[in-house]
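Welcome! Please take a moment with the sequence and the model below, and then we can walk through a few parts together.

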Amino acid sequence: MNDEEFEAAGQQLIKYVIDYHKNIRERRVMPDVRPGFMRKLLPDHAPHTPEKWDQLFKDIERVIMPGVAHWLHPHFYAYFPTANSYPSILADILSDTVTCVGFSWASCPSCTELEVIVMDWLVKAMDLPEVFLSTSPGHGGGVIQGSASEATLVAVLSARTKFLNGIKEKNPGIKDGVALTKLVAYMSRQSHSSVERAYMIALVNYRILDTDEKQALRGDILKAAIDEDRAKGLTPFIVCATLGTTSSCAFDNCKEIGLVCEQENIWMHIDAAYAGSAFICPEYRPLLNGVEHADSFNFNPHKWLQVTFDCSAMWVKNSNDLIQSFRVEPLYLKYENENEGIMPDFRHWHIPMERRFRSLKLWFVLRLFGVKGLQDIIRKDIRVAHKFEEYIRNDPRFEIFGEVILSLVCFRLKGSNEINEKLVKRINEDGRIYMVPSRVDDIFCLLSTMPTYFLLLSIYLSIYLSIYLSIYLSIYLFVSVSARSYLSLPFSVCSDCVVKRSI
């Protein structure tokens, strides 16, 4: 493909992207295919000679789209949202164009320096403690990880290294394997599965702690567990707290947990993957209280901040804790000025060595939306969630589970878990709406996260459950005509549809 062919193909694909977003509501939300469907559509070997672009372009609809789950569809209410916007798409085009592999400052100075700057911008936009700034007197700073799961694993491995070194200092000659058996980590029953998986990968003991009536982990529960483990000769080393749990959007009491961690000298990591974006709004910033005690903090701009996947923002108070865990210095990676300390080498801050120019997406979005524009989107999404909550509360057949704080609504039919299991099954089989369930304390409910860019949503919820229950219902969803003025906000992925959010 030469320059002229690339230009023509690019124009065609950009038009396809625009048309896709404009007409996404006409597509089925979830694909109606079975595993292995694509083998029937493609040959079992790569072409020996080059094909034409037109052939490939036709196969986007014939081969790819039949199996696509349309996360940006206005009727996709499952999981947490996945963000998207034209500025972010444009940034990815530029990133792919320059094709840098920014493992060190020398490998692409702009890649490193822009990341440092935009991460500092977010610290100020969210009113995070100054210790997380790259310009702070200590060794704090931010780095873009691929996901919250990756950020949690980095925090766990870094804390493990720090505390293993401490055990070995006190017990010279102790083997690493023996020292490892002394470590114990903590999480709550509502923590994301990635936390447990991080503990499993790190090969450490861990405990799953109970929560209070609001599904929040409290300081006294953590303190009791730590006391028990110290009495057994174990070394508590990390607790992963959550702000905005996946099951019900519960908020751990980070103020209490943080004070316990400081008193007991253990690492606190805060996972705010979904909820973190809301903290750019001053009225929701109190939900983050306690972050001043955290050793590391993470949220996903690719969930709710209009940045496409993957972009997970992580900050640490002391980057040396990360560096001592991941630093390897082969001669071929050394360069002049690397030890001046003015700019980091991010290959020491995470698991992969290579890294994409992901900070471009944040830079484009923050500049073209502005903090105020992002605040407006988040506030409107939350208002829509509360409107949906109002509809549910006014329908005697349904009930809200938990508290609606942000844009996640947990609701259920009054009655047994079995009835609600049938409900979500019928909704998803119908194909017009896609939702996922949750189970908290053996209570089965449905999760609904409000789509980005909805202004007014009128929902009539009624469900056909079963002949045996003699309930004949259906589910309808429509958007108020007045929403059109909001859906034309600058840089929305389309002016006639909903641009969605982010898991």
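How many residues lie between β10 and β11 in their hairpin? There are two, and Asp441 in that turn has a positive phi of about 50°. This is a predicted model, where local features need pLDDT of at least 70, side-chain atom pairs count only at pLDDT 80 or more, and totals for chains, interfaces and linings use all residues. Residues are numbered from 1 along each chain as its sequence is written, and side-chain values use heavy atoms, leaving out hydrogens and water.

**The whole protein**
- The protein has 14 helices and 13 strands, which are DSSP runs numbered from the N terminus (helices: H or I, at least four residues; strands: E, at least two).

**The hairpin**
- Strand β10 covers residues 436-440, and β11 covers residues 443-449.
- The two strands pair in the antiparallel sense over five bridges (pairing takes at least two DSSP bridges between the strands).
- Val436 stands opposite Leu447 in β11.
- On β10, Val436, Ser438 and Val440 make up the covered face, while Pro437 and Arg439 make up the uncovered one.

**Two helices side by side**
- Helix α8 (residues 219-231) packs against helix α9 (residues 254-264) at an angle of about 25°, with the axes 8 Å apart (axes are lines fitted to C-alpha atoms over the stretch in contact, and angles run from 0 to 180 degrees between N-to-C directions).
- The two helices, α8 and α9, are therefore roughly parallel to each other (angles under 35 degrees count as roughly parallel).
- Residues of α8 in contact (heavy atoms within 4.5 Å) with α9 include Leu222 and Ile226, and those they meet in α9 include Ile257 and Val260.

Conventions
Buried < 20%, exposed > 50% of the residue type's maximum accessible area, 1.4 Å probe, protein only. Parallel < 35°, antiparallel > 145°, perpendicular 65-115°, else oblique.
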